[in-house]
Amino acid sequence: MAFEWKDRYNLDIEEIDKQHKKLMEIGSKAYEIAIINDGYDRYDQIMTILDELQEYTKYHFHYEEELLKKHNYEHTHVQEEEHLSYVVKIAELSSREDIDDNQRKTILEIIDFLSQWISNHIMLSDRKYAEFLKAVI
Ligand SMILES: [Fe+2]
Ligand SMILES: [Fe+2]
């Protein structure tokens, strides 16, 4: 997956779609590095991507969770648990000692994780709350 925004990713809640697009932009930076594959030292870029993935979601997850609590969404805990699993995964990736020696492996793992995140979380769990919100707002 090339991390290009597609209409089917839209949940039709403007602010949420805007935030999801931002995540996709970070993913596309990782993808660019992976397809170039020129053996060039990408350590700093990889670390920046990991930092951005961590920083960005602090805001996005908080935003979603507050919005869902405000509207008493019954599956808010599912969102919180899945968000936590993302935070743990990115923290684990960022803290590895061998990133510099395994740059390609790391970038491929980031891409793989983000692809799964988009299909499993954004397209399923987030879509589910979006349907709920659109009915109550
Ligand atoms: Fe989301
Ligand atoms: Fe979410």
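At 13% relative accessibility, does Ser125 count as buried or exposed? With that value Ser125 counts as buried, where buried means under 20% relative accessible area, exposed over 50% and partly exposed in between, for a 1.4 Å probe and protein chains only. The legends below take up this residue and its surroundings.

**About the model.** This is a predicted model, in which local features need pLDDT of at least 70, side-chain atom pairs count only at pLDDT 80 or more, and totals for chains, interfaces and linings use all residues. Residues are numbered from 1 along each chain as its sequence is written, chains are lettered from A and ligands numbered from 1 in the order in which they are written, and side-chain values use heavy atoms, with hydrogens and water left out. The chain has an average pLDDT of 96, and 100% of the residues score at least 70; pLDDT is the predictor's confidence in each residue, from 0 to 100. Confidence is lowest in H1, with a mean of 96, and highest in H3, at 98.

**Figure 1. The site of the iron ion (ligand 1).** His20 (NE2), His60 (NE2), Glu64 (OE) and Asp126 (OD) are the protein donors of this ion and lie 2.1 to 2.2 Å from it. Donors are N, O and S atoms within 2.8 Å of the metal (3.2 Å for Na, K and Ca); water is not among the atoms, so sites may look incomplete. Along the sequence, the donor residues of the iron ion (ligand 1) have the spacing H-x39-H-x3-E-x61-D. The arrangement of the four donor atoms is irregular because they subtend angles of 84 to 173 degrees. Four donors count as tetrahedral if all angles lie between 85 and 135 degrees; four count as square planar and six as octahedral if opposite donors are over 155 degrees apart and all others between 65 and 115; anything else is irregular.

Figure 2. Glu64 (OE), Gln79 (OE1), His83 (NE2), His121 (NE2) and Asp126 (OD) coordinate the iron ion (ligand 2) at 2.0 to 2.4 Å. Their spacing along the chain is E-x14-Q-x3-H-x37-H-x4-D. The pair Glu64 in helix H2 (residues 43-70) and Gln79 in helix H3 (residues 76-94), 15 residues apart, links distant parts of the chain. Helices (H or I, at least four residues) and strands (E, at least two) are DSSP runs, numbered from the N terminus. Both Glu64 and Gln79 are buried. Glu64 bridges the iron ion (ligand 1) and the iron ion (ligand 2), which lie 3.3 Å apart. Distant parts of the chain are also linked by Glu64 in helix H2 and Asp126 in helix H4, 62 residues apart. Asp126, like Glu64, is buried.

**Figure 3. Helix H3 and its buried side.** H3 has 19 residues and reaches 27 Å from its first C-alpha to its last, close to the 27 Å expected at 1.5 Å a residue; the expected span of a helix is 1.5 Å times one less than its number of residues. Its buried residues are Thr76, Gln79, His83, Tyr86, Ile90, Leu93 and Ser94. They lie on the same side of H3 because they cover an arc of only 120 degrees around the axis, the arc being that of the directions from the helix axis to the C-beta atoms. The face turned away from this buried side carries the exposed residues Glu81, Leu84 and Val88. H1, H2 and H4 are what the buried residues of H3 pack against.

Figure 4. His83 is placed in helix H3 and, at 1% relative accessibility, counts as buried. Leaving aside neighbours within four places in sequence, His83 is in contact (heavy atoms within 4.5 Å) with Phe61, Glu64, Glu65, Trp117 and His121. Ser125 has its place in helix H4. With neighbours within four places in sequence again left aside, Ser125 is in contact with Gln79, Glu82 and Asn120.

Figure 5. H1 (residues 14-36) has 23 residues and reaches 33 Å from its first C-alpha to its last, close to the 33 Å expected at 1.5 Å a residue. Among the buried residues of H1 are His20, Leu23 and Met24. Cover for the buried residues of H1 includes H2, H3 and helix H4 (103-136). Phe3 lies in the segment before H1 and counts as buried at 5% relative accessibility. Asp12 is found in the segment before H1 as well, but counts as exposed at 56%.
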